[in-house]
Amino acid sequence: MNKVKRGWQYLREHSRLRRYLVIGLYLLLTGGLIINYGLLNRQATKHDDTPLNSYQSFSGGSNAQGVKLVQRDYSPTQQRLIATFEVQPATDPTTEILAQYLQFKLATVAPERLKMVVIPVTENKYVVMVDHLKNDFQAIRLRLVNATPQPDQSTSTRPQADFIITNQAKIKRAKVSNLSPQKFAIEAINDEINSRQRSIKRQGTKITMAKQAIAADNDKIATKRENRKYEIASQQSQTDSDIETLTGDIEQNQQAITASKNKINSLKAAQALLEKKQTAIQNGTFKLAKVTKSTQITHKN
């Protein structure tokens, strides 16, 4: 006790030392708070959201195709999350990923009784519907596995791409479709059909504009040829150059018309296949993927 009193008396008599001691305690406490906040914050952001519209490659494979998450909608009241994926178009048909070989797996951090349904809308577009996802969920992982048979595959592990969505993600929180998976698939395919119809209309507009440009160029050429007989040699040389330019413009517009017509034929063919698929879903001949229950993600600290 006497030692404490003598120490306190010593500090009272030495103000500079007292200030240093106060400053030291302040820095120690502040540093501790900063470190503690950093640890807590790092724990909170342990699961980073996968960015939208960013292709992820299938790890562990040689496939050049990637896959990206293009949209994620969530309704807290319906406890339903809808995520849309697009697989990068293949440049090599031998490495193309078909829908039958693309597997979706759902996992959670905290134990959740979730259900997932995968809806293959088009050849490269997939909609994943996750139900019973509570508003306070920590994070979910959607793993896409490329199960395409590979004769040279040395390990049993399939190439895969992981997508993380947390409750901190910038998810569009709004009412999502409360339809059954089958009806939602029909609705989603109908949106794709409408999209192709709009594309066909845009291509038709391009054709109309190209034809109008060709008609205008032909009028200009006819006028220049009529006036050429009244021009001097230097003017005629310029007129010939102008006619050549206009002729080239006509050829370019004709090529544009041909390209648009080919595009329309392709869009109509795709639309017909979508309509066929839509009918198959309606009559039950096309089966959606079976309901997949979630598993828990285990993390090592």
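1. A quick word on terms to begin: buried means under 20% relative accessible area, exposed over 50%, and partly exposed in between, with a 1.4 Å probe and protein chains only. Helices (H or I, at least four residues) and strands (E, at least two) are DSSP runs numbered from the N terminus.

2. On sources, this is a predicted model in which local features need pLDDT of at least 70, side-chain atom pairs count only at pLDDT 80 or more, and totals for chains, interfaces and linings use all residues. Residues are numbered from 1 along each chain as its sequence is written, and side-chain values use heavy atoms, without hydrogens or water.

3. Now the overall picture. The chain has four helices and 11 strands, and 33% of its 301 residues count as buried. Of the contacts (heavy atoms within 4.5 Å) between residues at least 6 apart in sequence, 67% join residues at least 24 apart.

4. Strand 8 is worth a look. Spanning residues 160-166, strand 8 has five of its seven residues buried. Strand 7 (residues 139-146) runs antiparallel to strand 8, and seven bridges join them; strands pair if DSSP finds at least two bridges between them. One of the residues to check is Ile140, whose bridge partner in strand 8 is Ile165.
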